[in-house]
Amino acid sequence: MTETAIAKRTVLVAGATGASGLAATRALVGAGARVVAVGRDARRLTPLVSLGARAEVCDLTSEQAVGTLAGRLHDDGIRVDGLLHLVGGWRGGGGIPGQSDEDYRFLEQSLTALRHVTRTFWEDLVTAPAGRTAIVSSTAVARPLAGGANYAAVKAASEAWIHALAHGFARAARDAGSPMTAAAVIYRVRALAEREDDLARAYVSLWDRPADTVNDSVVELDEA
Ligand SMILES: NC(=O)c1ccc[n+]([C@@H]2O[C@H](COP(=O)([O-])OP(=O)(O)OC[C@H]3O[C@@H](n4cnc5c(N)ncnc54)[C@H](OP(=O)(O)O)[C@@H]3O)[C@@H](O)[C@H]2O)c1
């Protein structure tokens, strides 16, 4: 795969309005990709439009809203090659007794959004000429702490979902008797602050390598 394989690919950045979404959008547009930046707040999407992204307001925890989003993009002739899933957030503390249902429900929205987007855009992702899907997980999955048990549990479940997606990509290619074109990757990081550009670069560089060499990999961003 050439360095320019990302050029003209379309990447949906899910939860694009934070610092990591801005950095990723800047890097993707700079590499020649088209970006669909998704968030819940139109105002917060404005800086992404200034970078060249198409902004889409959507609550990704709503299956119906994700279906409507896919319909809008498909009606405009846009198919999604890549997905960078950034919907996240952190709540915790208070040891095991402090792991409230309220915090769990908040954290779980990230996994729900991931499930909705990958299911709804499955056909796009699996048939893309060169597609890359990635999530940002946490070092807490390998070393969960009592005060972050809810968070680590949700991140572990998100990682399991990505491993399953990776299996789906591999199996689809095998069944079709074709080389793999889609890959799913997990980035783990302890803290993202000031690592946003590293994440963006790492994600963009996924297109430099054949899908089967990166599919199902877990990349420790702190060590990359
Ligand atoms: N920050 C860290 O230190 C750290 C450490 C390890 C892993 N991570 C992971 O890295 C990823 C990115 O981190 P981050 O801090 O940039 O994420 P974030 O700020 O928590 O989330 C990114 C954006 O997602 C949007 N969002 C939230 N719920 C949404 C929904 N239902 N539908 C659509 N958009 C939604 C929010 O924008 P709107 O409010 O505008 O919709 C938010 O700006 C997350 O998965 C996070 O868990 C972060």
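Q: Is E194 buried or exposed?
A: A residue is called buried if 20 or more other C-beta atoms lie within 10 Å of its own, exposed if 12 or fewer, and partly exposed in between, the C-beta atoms being placed from the backbone. E194 has 8 other C-beta atoms within 10 Å, so E194 is exposed. Please note that this is a predicted model, in which local features need pLDDT of at least 70 and side-chain atom pairs count only at pLDDT 80 or more, while totals for chains, interfaces and linings use all residues. Residues are numbered from 1 along each chain as its sequence is written.

Q: Where is the place of E194?
A: Helices (H or I, at least four residues) and strands (E, at least two) are DSSP runs, numbered from the N terminus. E194 sits in the loop between β6 (182-189) and α7 (196-205). Although E194 is not a glycine, its phi is positive, at about 70°.

Q: Which loop holds D216, and what is its phi?
A: D216 belongs to the loop between α8 (211-214) and β7 (217-220). D216 also has a positive phi of about 70° and is not a glycine. Because 17 other C-beta atoms lie within 10 Å, D216 counts as partly exposed.

Q: Which residues does A170 touch?
A: Two residues are in contact if their C-beta atoms, placed from the backbone, lie within 7 Å. Not counting residues up to four places away in sequence, A170 touches M180 and N215. A170 is part of helix α6 (residues 149-176). With 18 other C-beta atoms within 10 Å, A170 is partly exposed. The C-alpha atoms of A170 and D212 are separated by 7.8 Å, and these residues are 42 apart along the chain.

Q: At what angle do α3 and α4 pack?
A: Axes are lines fitted to C-alpha atoms, for helices over the stretch in contact, and angles run from 0 to 180 degrees between N-to-C directions. Helix α3 (residues 63-75) packs against α4 at about 35°, and their axes are 10 Å apart. In this contact, E63, V66, G67 and A70 of α3 meet H116, V117 and T120 of α4. The residues of the contact comprise three nonpolar, three polar and one charged; here Ala, Val, Leu, Ile, Met, Phe, Trp, Tyr, Cys and Pro count as nonpolar, Asp, Glu, Lys and Arg as charged, and the others, Gly among them, as polar.

Q: In which helix is T112 found?
A: T112 is in helix α4. T112 has 16 C-beta neighbours inside 10 Å, so T112 counts as partly exposed. L60 is 52 residues from T112 along the chain, yet their C-alpha atoms are separated by 7.8 Å.

Q: Which residues come nearest to the ligand?
A: A residue is near a molecule if its C-beta atom, placed from the backbone, lies within 6 Å of it. There are 27 residues around the ligand, of which G15, G18, R40, G88 and V136 come nearest. Helix α4 gives the most to this shell, with three residues. By class, the shell has twelve nonpolar, eleven polar and four charged residues.

Q: How many helices and strands are in the protein?
A: The protein has eight helices and seven strands. Of its 224 residues, 45% count as buried.
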